[in-house]
There are 2 protein chains.
Amino acid sequence: MFIESPRYTERFGSVRLSHVQRVIALDSGLKSELPPYGAMGVIKIEEETIKHFEDRMAVVIPVKDEKLKLFEGVVSGVPHDCLVIVISNSQRGKVDRFRMEGDALSQLCRFTIRKALIAHQKDPAIAEAAAEAGCDELLGEDGLIRDGKSEAMVVGLLMAKAAGKEYVGFVDADNYFPGAVLEYVRNYAAGFSLAQSPYSMVRILWHYKPKISGGLYFRRWGRVSETTNKYLNDLISSKTGFETEVVRTGNAGEHAMSMKLAEILPYASGYAVEPQELVSIFENFGGILPTKNLKVMEQGIDVFQIETRNPHLHEEKGEEHLSNMLLLALSTIYHSPLCGEESKQAILAELIKQEVLKEGEEPPPVRLVSPLKKVSTDKFISHIREDFDKYNVLG
Amino acid sequence: MFIESPRYTERFGSVRLSHVQRVIALDSGLKSELPPYGAMGVIKIEEETIKHFEDRMAVVIPVKDEKLKLFEGVVSGVPHDCLVIVISNSQRGKVDRFRMEGDALSQLCRFTIRKALIAHQKDPAIAEAAAEAGCDELLGEDGLIRDGKSEAMVVGLLMAKAAGKEYVGFVDADNYFPGAVLEYVRNYAAGFSLAQSPYSMVRILWHYKPKISGGLYFRRWGRVSETTNKYLNDLISSKTGFETEVVRTGNAGEHAMSMKLAEILPYASGYAVEPQELVSIFENFGGILPTKNLKVMEQGIDVFQIETRNPHLHEEKGEEHLSNMLLLALSTIYHSPLCGEESKQAILAELIKQEVLKEGEEPPPVRLVSPLKKVSTDKFISHIREDFDKYNVLG
């Protein structure tokens, strides 16, 4: 594939935050010759390089009662060398949708001789392993893993670690285009190949997100994303003294991390999870607040933002969740120790203006799951490993 | 990629017509091991194999006043090693859309260091070259190439031949998903890799063709395609005595041919072009009518039909053209010497039932351009070659 080289990389403490890089072409062939680091700011990512990272990557697909056709399509788009890990919170019982997902996954894996893991979010064995590892924050009052995509992501991370993967990417199960899923994962690999540090993250910016209403309307960004990005940028500007628009992927559901980075970040619940990752990176490695990870500070954190060639066409989930999404995203910034009084007031005013909060109300505190590094992931892993066959779709 | 092996291949004279093969997964990785010709009827097409055919393939994109964003997206999805040939019939003059297309193509080619050809359908030099070659049938009363996608396809074929390509594929310019275009071309390559004969054709069946009306509705087939396929199948059944449903891609706009096959087929005008290709193959090599190509008969013709993983989401052109499309498609069958009286009556009844024809009317005759083999393509080529630089986007 061909991708723009980043026009500029902002530095915030030891965080290297690259401006958006567009994908120029999906394939770069065998024959093409391009000088290293490209002509006119275009980089060619070799097929071999992409495969190198795919082979080390787990792709976590959280799913909850999604249409089976969409789920199947998404899995069929994930590059073959990646390990697919499905964390499902779908209905069981009479209509056992979890089982249907397992059957579909297993059929696809059998046809293509690939491996995959699938686990139910409410599987007591997973909750036990999490508890044993000291990861109680994931558990609800019933002793099982709490509902939520964010919790599924953390379980997926633990499984990816148990499987020995060095990179982990997230892909939503509601995508209509297998070809777009393929591109996301290839973009993850492309980003990782450009990283200088073993602590790296790739966040996807959709080229367009078509809205279906009568015809197709190709939106660039949602209003929620625009607002989230604005206040994330303000958080940086207020400390560096230079205005910036570098952050464009504050709410990026499609994103990936090196396992080394994934292990040292806390994870927020619900829609707060994606912006919180950036907030936590800024807090821990922005050079403003004291850090406990001197070694990481030395190596730095690379954050890439890649704009896809494909539009993002996904199942419409209605608009009700948008104000909740905005509220939780801005909470992560509001409650950050980096956030000054002026920014706090601006966020409150924004939330009141957008009728998400009433005068006098505050954004709710963010519920965080501690970094996996702090819990005994070894215990989780050894507990899960005994059972690993159970989750294996193909041995 | 992983693709089903054909469950069954129908033989009609020396035509080998394979049943639809589904694409199972878009990528097959570096590591995957699959016994040759697959486990459980699944074939792995190696990346190297795909690239081998892409390198020998021209991808012709006929375009007429298409949205520039869509055109750019389509080009960016064509695999890098293919030669892109754009035949444009877009507006010139004050708003020079042809020029805008050329600029967009040229920018993309410069970024990715690839070659492409672009020509205007009404370029007098092309008409001259066609005339000199004896290809008068392409010309209108004004001495220029006639309007029409089919005519653009033939010009594209001639250009592909001039460029020395061994395979030629067609891709529409109105596709919303670059990733789907990438898949079409990879499917062409996959099909060619399975061919036994140098005379081969690959036709694409869309997994779904979403219809946008309020929400998205995932249609399997349009009614026009269903009807066309039915009568193409009847044409075979009436001769073999065995009913068949093998033909599923009668109207496939997305299709590709080996140059050897492309040269010996006549091309119909307008919407008749795709079904006519099959009708001509049945007439010439079905073993019922006398053939002049004994050598080809010996080697046989391979026709593959591949069902994509991606849905096909394209610009909606309205429904008015559908009845015209049906009329022209069925004309190709109606006027074929293979078509018996009974089939003719059935087609007339169908067209009257669908209110495309009135009682007593007949489908219009099909306007055919003779096979390129019969004209002096060498003359076209030598004429065009002098000017080839003019059409070259990157030297």
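In which loop of chain B is B:E355 found? B:E355 is in the loop between α12 and β16 of chain B, where helices (H or I, at least four residues) and strands (E, at least two) are DSSP runs numbered from the N terminus.

The model is predicted: local features need pLDDT of at least 70, side-chain atom pairs count only at pLDDT 80 or more, and totals for chains, interfaces and linings use all residues. Residues are numbered from 1 along each chain as its sequence is written, chains are lettered from A and ligands numbered from 1 in the order in which they are written, and side-chain values use heavy atoms, with hydrogens and water left out.

**Loop residues of chain B**

Relative accessible area is classed as buried (under 20%), exposed (over 50%) or partly exposed (in between), with a 1.4 Å probe and protein chains only.

| Residue | Relative accessible area | Class |
|---|---|---|
| B:N310 | 0% | buried |
| B:I113 | 35% | partly exposed |
| B:E355 | 71% | exposed |
| B:E359 | 70% | exposed |

B:E355 has a phi near 60 degrees, a positive value in a residue other than glycine. For B:I113, in the loop between α3 (97-112) and β8 (116-120), phi is near 45 degrees and likewise positive in a residue other than glycine. B:E359 lies in the loop between α12 (341-353) and β16 (368-369).

**Surroundings of B:N310**

B:N310 is placed in the loop between β15 (301-307) and α11 (321-334) of chain B. A polar atom of its side chain lies 2.7 Å from the backbone nitrogen of A:G179. Beyond neighbours within four places in sequence, B:N310 is in contact (heavy atoms within 4.5 Å) with residues including A:F177, A:P178, B:L26 and B:H207.

**Helices of chain B**

Helix α7 (residues 223-240) and α12(B) pack at an angle of about 170 degrees, with their axes 11 Å apart. The axes are lines fitted to C-alpha atoms, for helices over the stretch in contact, and angles run from 0 to 180 degrees between N-to-C directions. The two helices, α7(B) and α12(B), are therefore roughly antiparallel, a term for angles over 145 degrees. B:T227, B:Y231 and B:S238 of α7(B) meet B:S343, B:A346, B:I347 and B:E350 of α12(B) in this contact.

Helix α6 (residues 178-194) has 17 residues and reaches 25 Å from its first C-alpha to its last, close to the 24 Å expected at 1.5 Å a residue; the expected span is 1.5 Å times one less than the number of residues. Because 16 of the 17 residues of α6(B) are buried, the helix is largely enclosed by the rest of the structure.

Technical notes
A polar contact is a pair of N or O atoms within 3.5 Å; within protein, one must be able to donate a hydrogen and the other to accept it, and residues adjacent in sequence count only if both atoms are side-chain atoms. Angles under 35 degrees count as roughly parallel, over 145 as roughly antiparallel, 65 to 115 as roughly perpendicular and the rest as oblique.
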